[in-house]
Amino acid sequence: MKALFMSEWERLWSQRRSKWMIGIFTVIVLLQAWFLRYYGVGIYNNDQQVPLNTWNFPWFLLKESSFLLTLIFMPVFFLNSLNVEYNSGAYRLFLIRPFKRKAFLISKWFSLALMVLVHLLIILVISIVFGFIFLKPDNDFTFYGQQKNAIEAILYTVQVYGLFFVIQMCCLALASLISVLISNAVISFFLLIGLYVGCLYVSSQLSFFLLSVQSIFHTLSTNSNSLYAFALTIMLVGFGSCIRIWSKKEFTS
């Protein structure tokens with residue numbers, strides 16, 4: 001399993017497209033950090049905004065970057081990894097190896113999850129550097145009606161980024177399920193984005209696909225369990241169905 005994961009990770013990194021996309025994403029996040037710092041306020045919603053400081057800057061930079069990450073960068077990574085090798089026929093060669101079919105898919109998920117972490121690390125590092133260089137390290141500040149100190153802010157940052165990672169795993173589960181049903185990467189991309197948008201009309205509780213960080217703020221401030229419940233259900237159904245279909249999928253055509 002470790003060998004499969006390393007193989008998937010090396011293949012993902014060896015693609016010129018991956019390096020270009022990470023480079024472009026880093027530049028965009030730097031620009032977003034600069035503009036966010038220039039205006040000096042973090043917007044929680046239409047009614048609430050707070051002055052930026054060293055400690056809350058990572059939350060709001062993630063909020064600025066989340067839309068682009070969820071709608072463009074991660075879907076391209078997910079669908080490129082899941083669809084292209086199947087369409088090119090490369091998987092017929094990979095499946096000759098003495099591993100179970102589901103091991104190939106699980107190794108892809110691990111490598112893509114690691115790619116999500118790489119992008120989150122880029123945002124976090126840039127936000128910390130910008131925060132310490134350009135903003136004040138206020139020891140006590142108010143956020144969404146709650147008084148926080150520096151230690152609480154650091155723990156809050158871990159929760160925000162951790163929950164955002166969980167949401168991206170839900171996105172990966174949906175992307176994987178679409179990919180095993182539809183082999184065309186372009187159609188899969190638009191179907192995935194359409195699914196994110198459609199979830200808004202199904203239930204406001206599913207708005208975390210498009211309004212990820214706003215939903216995380218709401219969840220952490222109200223102690224609501226709905227995001228956790230929906231995320232767990234989507235991942236169990238998505239990944240479980242995907243393994244079942246993948247195990248029976250015909251790769252010879």
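These are my notebook entries on a predicted model of one protein chain.

**Entry 1: the chain as a whole**

I began with the secondary structure and found nine helices and four strands. Reading from the N terminus, I noted the order of the elements as α-α-β-β-α-α-α-β-β-α-α-α-α. I then looked up burial, and of the 253 residues in the chain, 48% are buried. For the contacts with a separation of 6 or more, I noted that 78% come from residues 24 or more positions apart.

**Entry 2: the nonpolar core**

Which residues have the most contacts inside the largest nonpolar core? I found that this core has 73 residues, and that Ile 123, Tyr 196 and Phe 209 are the ones with the most contacts inside it. Two or more residues each come from helix 1 (2-14), helix 2, helix 3 (57-88), helix 5, helix 6 (150-181), helix 7 (185-202), helix 8 (212-222) and helix 9. Helix 6 makes the greatest contribution, with 17 residues.

**Entry 3: aromatic pairs**

I counted 14 aromatic pairs, taking ring centres within 6.5 Å as the cut-off.

Are Phe 130 and Phe 134 buried or partly exposed? Phe 130 counts as buried because its relative accessibility is 11%, under the 20% cut-off, whereas Phe 134 is partly exposed, with a relative accessible area of 34%. Together with Trp 34 and Phe 57, Phe 130 and Phe 134 form one aromatic cluster. At Trp 34 I also noted a charge, as the charged end of Arg 37 sits over the ring, 5.1 Å from its centre.

**Entry 4: helix 2**

I checked the length of helix 2 (residues 16-39), whose 24 residues should span 34 Å at 1.5 Å a residue, and the end C-alpha atoms are 35 Å apart, which agrees. The buried residues I listed in helix 2 are Ser 18, Met 21, Ile 22, Phe 25, Val 29, Gln 32, Ala 33 and Leu 36. Just after this helix, Gly 40 takes a positive phi of about 80°.

**Entry 5: helix 7**

I repeated the check on helix 7, where 18 residues should span 26 Å at 1.5 Å a residue, and the end C-alpha atoms are 25 Å apart, in agreement. Ser 188, Leu 192, Ile 193, Tyr 196 and Cys 199 are the buried residues of this helix. What reaches the backbone nitrogen of Val 186 at the start of helix 7? I found a side-chain oxygen of Asn 184 within 2.9 Å of that nitrogen.

Met 169 lies in helix 6, and I counted Met 169 as buried because its relative accessibility is 10%. Leaving aside neighbours within four places in sequence, Met 169 is in contact with Ala 113, Val 116, Met 235 and Phe 239. I also looked up the C-alpha atoms of Met 169 and Ile 234, which are separated by 9.3 Å, although these residues are 65 residues apart along the chain.

Ser 81 has its place in helix 3 and is buried, with a relative accessible area of 6%. With neighbours within four places in sequence set aside, I found Ser 81 in contact with Leu 12, Lys 108 and Leu 112.

Asn 223 is found in the loop between helix 8 and helix 9 and is exposed, with a relative accessible area of 64%. I noted its phi near 60°, a positive value in a residue other than glycine.

How values were computed
Residues are numbered from 1 along each chain as its sequence is written. This is a predicted model: local features need pLDDT of at least 70, side-chain atom pairs count only at pLDDT 80 or more; totals for chains, interfaces and linings use all residues. Side-chain values use heavy atoms; hydrogens and water are left out. Rings of Phe, Tyr and Trp (its six-membered ring) pair if their centres lie within 6.5 Å; planes under 30 degrees apart count as stacked, over 60 as edge-to-face and the rest as tilted. Buried means under 20% relative accessible area, exposed over 50%, partly exposed in between (1.4 Å probe, protein chains only). A charge sits over a ring if NZ of Lys or CZ of Arg is within 6 Å of the ring centre and within 35 degrees of the ring normal. The expected span of a helix is 1.5 Å times one less than its number of residues. A nonpolar core is a set of buried Ala, Val, Leu, Ile, Met, Phe, Trp, Tyr and Cys residues joined through side-chain atoms within 4.5 Å. Contact means heavy atoms within 4.5 Å. A polar contact is a pair of N or O atoms within 3.5 Å; within protein, one must be able to donate a hydrogen and the other to accept it, and residues adjacent in sequence count only if both atoms are side-chain atoms.
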